Protein chains: 2
Amino acid sequence: MCPVDVRRRLRINDVFLLLIILKFGLHAVDAVWPLPQTFTSWTERYPLNPQHFHFGYRGRSAALEGCPVLDAAFKRYFSLIFPDYAPGNDKLRIREDKPFSVEIAVDGHYCESYPTEDSSERYNLSVSAGQACLNAETVWGALRGLETFSQLVYQDDSGSYFVNKSDIKDFPSFQFRGILLDTSRHYLPVQAILKTLDAMAYSKFNVFHWHIVDDQSFPYQSRTFPDLSSKGAFHPMTHIYTQSDVRRVISYARMLGIRVVPEFDSPGHTKSWGKGQLDLLTPCYRRGIASGTFGPINPALASTYQFMESLFKEVSSVFPGSYFHLGGDEVDFSCWRSNPYIRAFMQKMGFGDDFAKLQAFYIEKIVNITTALNKTSIVWQDVFDYNERRSSLSVVEVWKQGCYLCEVRRVVKAGLRVILASPWYLDLPGPTHNWARYYNVWPLAFSGSEEQKRLVIGGEVCLWGEYVDATNLSPRLWPRASAAAERLWSDEKQTSSVENALPRLLDFRCKLLRRGIQAEPLNVGHCRHEYQGV
Amino acid sequence: MCPVDVRRRLRINDVFLLLIILKFGLHAVDAVWPLPQTFTSWTERYPLNPQHFHFGYRGRSAALEGCPVLDAAFKRYFSLIFPDYAPGNDKLRIREDKPFSVEIAVDGHYCESYPTEDSSERYNLSVSAGQACLNAETVWGALRGLETFSQLVYQDDSGSYFVNKSDIKDFPSFQFRGILLDTSRHYLPVQAILKTLDAMAYSKFNVFHWHIVDDQSFPYQSRTFPDLSSKGAFHPMTHIYTQSDVRRVISYARMLGIRVVPEFDSPGHTKSWGKGQLDLLTPCYRRGIASGTFGPINPALASTYQFMESLFKEVSSVFPGSYFHLGGDEVDFSCWRSNPYIRAFMQKMGFGDDFAKLQAFYIEKIVNITTALNKTSIVWQDVFDYNERRSSLSVVEVWKQGCYLCEVRRVVKAGLRVILASPWYLDLPGPTHNWARYYNVWPLAFSGSEEQKRLVIGGEVCLWGEYVDATNLSPRLWPRASAAAERLWSDEKQTSSVENALPRLLDFRCKLLRRGIQAEPLNVGHCRHEYQGV
C-alpha cells in the first residue's frame, strides 16, 4: 500500500527516520548522486524483471495518464533502468517473474505545464517488495524521484537487475541549480545542448542558463530582426538557432523539469549585434572623428530602447520561464567617453563624468522593459556594484573571483536575491581530481540572518565558450559539474566530506558513461561499462 | 606526363624551386599540416568530380594493384577527399566532367609489408591539369603523399571540389614521430585506439608507443601466461586486449604506415604483474618479516629471467616491429632494501649498498634477452642516468622535465640514440591555446656535432592515463599533438613562427572535425562543419 500524502507522511515519519550514510553499502547498493536529504536503505533486495516492470499512476494522483511530462519520463526511465534490455532476447537470463510497479502520485497542480522558480521538487520514495511508491507535490518532483529510483537499480555480475528496500525523503537545498552554456564564442549544435540537458537531469540540475549571444556571434534567429543572425552569426545558415531549434531546446528541457533562462547581455558584450542593427552600438571616436569601431550599445538614443523593447518582447514570448538574464557585466567606458554625443547626453542628464551613472540609467530602462513584460530580471554582479539605486533589481548573479561570499553578503543585505557562480567556472581546464574544489563550496558560509540566507536562491556552473565547443564540452563539464550539483541539492552536513563523496561520485561517473555521457575519469580505475561512443 | 624518379627529379629541380609560404593563400588553397619541406602552389585550380576521379598505379611502379596498403589507402582517401559524396545524389551540383587521376609510382621495395625505422617516407607530389603525380620510394612515403593530396583538396561555398596546381617535395625531419597511449591506468577500448591511429596518420605520426601494462592493470592477454591478464587486468573479460585485438591494432596501424612499439616497463611499474605470476615481485619486509606487500620485480631470482625471456619471446613474435620499449623508469629501492634475500644477493654480487648497480644488473639482463630476440631496446632516461656501463643500450627516451636538452646532449655524447618526450606531456590538461608551448620546441637546440644531432631520431607525445580514458582522449590529444607533429616533420626554419602557424593549424583542426576527430578549439571562432558526433 502506497502512502497518501507527501507532506503528512513527512511529518509523521520525521521523528523515526534513521539516517544511514551508506558508505559500506556501495557495492551492494549503488549510491545516489546527489545524496538525498534522508536516505534509509536495507540489505533486503528485490529482483526486477523488465518484462514484468511497470510505471503507473495511483488513483488519487492529480496527474494521470495523458500527462506528457510523466508519460515520456516513464519511457525514458525504463530504458535508463534496463540499459541492456531488448524485448525477447533475455527472457532466459532473468528468471524472476514477480511483477514490480512504480506507483506515482502527484498531490497538486495537475500536470503543470512549465516549471517555475517556486515549483516544489520534493518527493518521497519508498521501495518495498513488488512496488515503489513515489509521492510528489508536482510532476517536477516526480521527475526527481524517478531519477533517484533509476539510480537505485543495479545489476549483479550475471546481468540481473535488483533494487534494495529503501526509504527516501528528498528535496533540494537550493531552488536554482543552473548550468550556463555559451553559444556565442563557439556555436554548439542543438544535439550537444540536448545531450547536456540529459546529463543535467541525471544530476538534478533544473536551470539551463543560455548565454545565447555575445560579442563574437549572434546565433539567435529573431523573427523581428532577422538581420541580427543573418549578419551577426558565424554563418547565417549553419550556425544559427532557428525559432524551431529554440522551441525544441525549451520543450526538451521542460520534459526534464529544466527551465531555460535566456541571456541577452547588454550594453557590453554586444559587438555581434551591431552587424545586423545599424545605429545600435556607440561609434567610438579618435582625435575628434569617428574611428569606424564600435563600443557598447548606445544608451543616449531613444531608438535603442525601442529596439530593445521589440527584441525583448519577442524573446519573452519565446522563452516561457519567468527569469530573463540581462547581463550587464564588463562594460568598457572608453568608447562612450570618446564619443561627443554621449558626453553631451551625460551633461544633459546631469551625470557629470560618472559613466557608471550612464550605465545604471541604461540598465534601469532595460529592467523596466523586462518588468513590463512580466519577467524577473537577473543581472551580473557588476550592475549591483555600480548602481546606487538598487531597488529596481531582483536577482544578482555573483561571478567574480576573490571574496565572493563578501559580495553575496552585500547583495542579500540589500534585500536582493543571489545566484552564486564564482566558484564554479568549469571552462577553465584543470585536473579532474580537482572536483573537490567545486565540492568544498558552501554558498551560505557567511554571517547573516536566516532571512538573508534564504535570499541565496542557488548557484550555477558556468562553461564559457572561448575554448569549449561540442568537441570537449562533455568531458569538461562532467563529472565536475556533478560535484556542484550535490552541493546545491543535498544537505550540507551529510555531504561535507570529500572522502565520503569520492566512492559515490566514482560510481555516479560510471552511471554517466553507461548513459552515454562523456564524463572524464576522476582518478585511476575502471567502470564495468567504459565509454563506447568513440 | 608524370616524372619518373623521386631522387633524380629532386636533384634536377632543387635549384629552381621557389618556396612560397602560402600565408595569404589560406582561403584559396587550404593549408597542409604538417608543412611540407618545399611547397609551391599556384592560383590555377582544377575542379574535381568524384565520379571522374581515380587513383592508379603507374606502369613503372614497383608497387602495383594488389598491394594491400595502397589499395586500401585509395578507398580511404577517396572518402576523405570527397566527404559528402554519395554516388548518384550530387550529379547535378558538380558539372565538371573532366577526369582527374592521382598516379602513384613507388620506386623500390615492392609493397613493403611492415614499416621499419629506416623506411623512407619521402615523396614528391605534383598537381597539374587532369592529374596528380605522386612518386615515393616506399608505400609508406606514398601514404604520406596521399595524406598531403587529401589536404590540398577543398570545397567552395557551393560544395564543388577543387585542387590547385601545386608542387611538393617532402620528407620528415625526424624519423621517429610517436604518440604514447597508456592502457594500464585506464583501459582504452580498441575502437578508441583505432580512432587515434587515424588521427595520427592525418598529422603524419608514424609510431604508436603502446604503454600497454603498468602497476594499475595488465590488460595484455598473454598466450604463455594467461593469468597475467585474468588476474591482473581490471576485468578478465571486458578490460583486456586479446591476441586478436592486438593483431587488429597492429594491422590497422600498419595500413596507415604506423609502427607499434610495445612497452613492458620493468622492474618498477609492475604491481599488476604480480597478481598473475607468483614469486615475480620482491616481497617487502617490515621489521624483519615479510609485510605482505610487494615491490619491483625480484632481480635476485633466476626464475625472474626465465619468465621474462618467455614473456618477451611471445611479445617479440606478436609485435613485428624492431623496437621494444623496456621502460626502466622510477624504480623505488626501498622494498629491495628491506628484503634480506636481496641484500644477501647484493653482497654476493659485490654491489655493496648500491641499488643502482642492482637495477643496472637487472636491466642489462633484460636488454640481452631483447637483443637475442633480434629487437632494439628503448629505455627511459633513468636507465641511462644510473647505468655506468651504457654500451649495451641503444635508444634512450628523455622524459624528465627541467633541462631536457642537457640530457639529450649527454645521451648523444655517449653515442646513443635519443627520443625526446619531455616537452610533450599532453596528459596534463591546459588551455588549448598553449599549443604554442608544444610548437616552440626544437629538439636539436643544443651544441653538438652533426653526427651527434643525427642521433636524435625523433620525439614523442605522451598521453599518460591517470586522468585520461576514452571520454577525453581525443580533445586532450588534438590538436595539441599536431603542433608537435609539425615540429617533428617540417623544416624548422619555415615553421618557427607561431603566428604564421596559427591560421594553418586552425584550418587543420577544422579538417580534423570534418573527419570526425574530436579536436578541441584553439580559440574563439567556428568551422564550416562543426563536430557532429555528439
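B:Phe78 counts as partly exposed, because its relative accessibility is 22%, where buried means under 20% relative accessible area, exposed over 50%, and partly exposed in between (1.4 Å probe, protein chains only). B:Phe78 sits in helix H2 (residues 68–81) of chain B; helices (H or I, at least four residues) and strands (E, at least two) are DSSP runs, numbered from the N terminus. Leaving aside residues up to four places away in sequence, B:Phe78 touches B:Pro50, B:Phe53, B:Phe55 and B:Tyr85, a contact being heavy atoms within 4.5 Å.

This is a predicted model, in which local features need pLDDT of at least 70 and side-chain atom pairs count only at pLDDT 80 or more, whereas totals for chains, interfaces and linings use all residues. Residues are numbered from 1 along each chain as its sequence is written, chains are lettered from A and ligands numbered from 1 in the order in which they are written, and side-chain values use heavy atoms, with hydrogens and water left out.

How are the two chains related? A rotation of 180° with 0.0 Å of shift along its axis superposes chain B on chain A, with an RMSD of 0.0 Å, and that is the relation of a two-fold axis. The same surface serves both copies, since 100% of the contact residues of chain B recur in chain A. Copies are superposed by least squares on the C-alpha atoms of residues with pLDDT of at least 70 in both.

The cysteines come next. A disulfide is a covalent bond between the sulfur atoms of two cysteines, and here the term is applied to a pair of cysteine sulfur atoms within 2.5 Å. By this rule there are 6 disulfides over all chains. One of them joins A:Cys284 and A:Cys335, whose sulfur atoms are 2.2 Å apart; the torsion about their S-S bond is about -105°, so this disulfide is left-handed. Because A:Cys284 lies in strand E11 (residues 281–286) of chain A and A:Cys335 in helix H9 (residues 334–338) of chain A, the pair ties together parts that are 51 residues apart in sequence. A:Cys284 is buried at 12% relative accessible area, and A:Cys335 is buried at 6%.
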